[in-house]
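The following note is intended for a colleague who is meeting this structure for the first time. Please read the numbered points alongside the sequence and the model.

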Amino acid sequence: MSSGLLSGFNKFTIIRNLEIMFVYNTLTEKKEEIKKPSKGKLRLYVCGLTMYDNAHLGHARTYIFFDLLVKYLRKYKKIPVFYVQNITDIDDKIIKQAQETGEDPLAVPRRFEKIFMTVMARLGINSVDKYPRASDYIE
């Protein structure tokens with residue numbers, strides 16, 4: 001009998017336990033098992049960048065994690081996922097930067113958005129279904 005970390009578990013138990021995945025649901029404020037929805041797609045929202053500067057390693061870590069999660073759910077768990085990551089393209093920091101540089105307030109975030117999308121593509125992050133811009137929903 002093994003006295004290591006996995007003593008008392010057989011291979012079947014370990015593999016079976018890896019099949020269950022939990023996530024913290026901010027809507028219900030509870031940790032919930034990720035399951036295939038009875039109808040439609042599992043909906044995932046991840047907060048995107050405020051486009052006033054370049055993305056950094058911390059941003060990349062977040063987006064790599066969620067990209068891998070979505071790809072895993074789609075390919076191995078056969079769970080259809082609709083993955084949304086917003087783009088904040090109107091914000092006090094953006095307006096201030098536009099005033100300081102004399103640019104149009106929407107030109108600043110478009111420049112950083114283009115760079116961001118290039119970086120995400122180079123990292124192989126391609127599972128996002130929609131990148132809605134905040135400005136598209138403001139009247």
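1. A residue is called buried when its relative accessible area is under 20%, exposed when over 50%, and partly exposed in between, with a 1.4 Å probe and protein chains only. By this criterion Tyr63 and Phe116 are both buried.

2. The model is a predicted one, in which local features need pLDDT of at least 70 and side-chain atom pairs count only at pLDDT 80 or more, while totals for chains, interfaces and linings use all residues. Residues are numbered from 1 along each chain as its sequence is written, and side-chain values use heavy atoms, leaving out hydrogens and water.

3. Helices (H or I, at least four residues) and strands (E, at least two) are DSSP runs numbered from the N terminus. Strand β4 (residues 81-85) has four of its five residues buried, so it is largely enclosed by the rest of the structure. Strands pair if DSSP finds at least two bridges between them; β3 (residues 42-46) runs parallel to β4 and is joined to it by five bridges. Val46 has Gln85 of β4 as its bridge partner.

4. From β3 the chain passes through helix α2 (residues 57-75) to reach β4, a β-α-β crossover that is right-handed. That term applies if, with the strands pointing away from the viewer, the path from the first strand over the helix to the second runs clockwise.

5. Rings of Phe, Tyr and Trp (its six-membered ring) pair if their centres lie within 6.5 Å; planes under 30 degrees apart count as stacked, over 60 as edge-to-face and the rest as tilted. Three aromatic pairs are found in a search of the whole structure. In one of them, Tyr63 and Phe116, the ring centres are 5.7 Å apart and the planes stand at 85°, so the pair is edge-to-face. Tyr63 belongs to helix α2 and Phe116 to helix α4 (residues 107-122), so that this pair links parts of the chain 53 residues apart.

6. Phe65 and Phe66 also form an edge-to-face pair, because their ring centres are 5.0 Å apart and their planes lie at 85°. Phe65 is partly exposed, at 41% relative accessibility.

7. Where do the non-glycine residues Glu29 and Lys78, each with a positive phi, lie? Glu29, with a phi of about 60°, is in the loop between β1 (22-25) and β2 (30-33), and is exposed at 60% relative accessibility. Lys78, with a phi of about 55°, is in the loop between α2 and β4, and is exposed at 54%.
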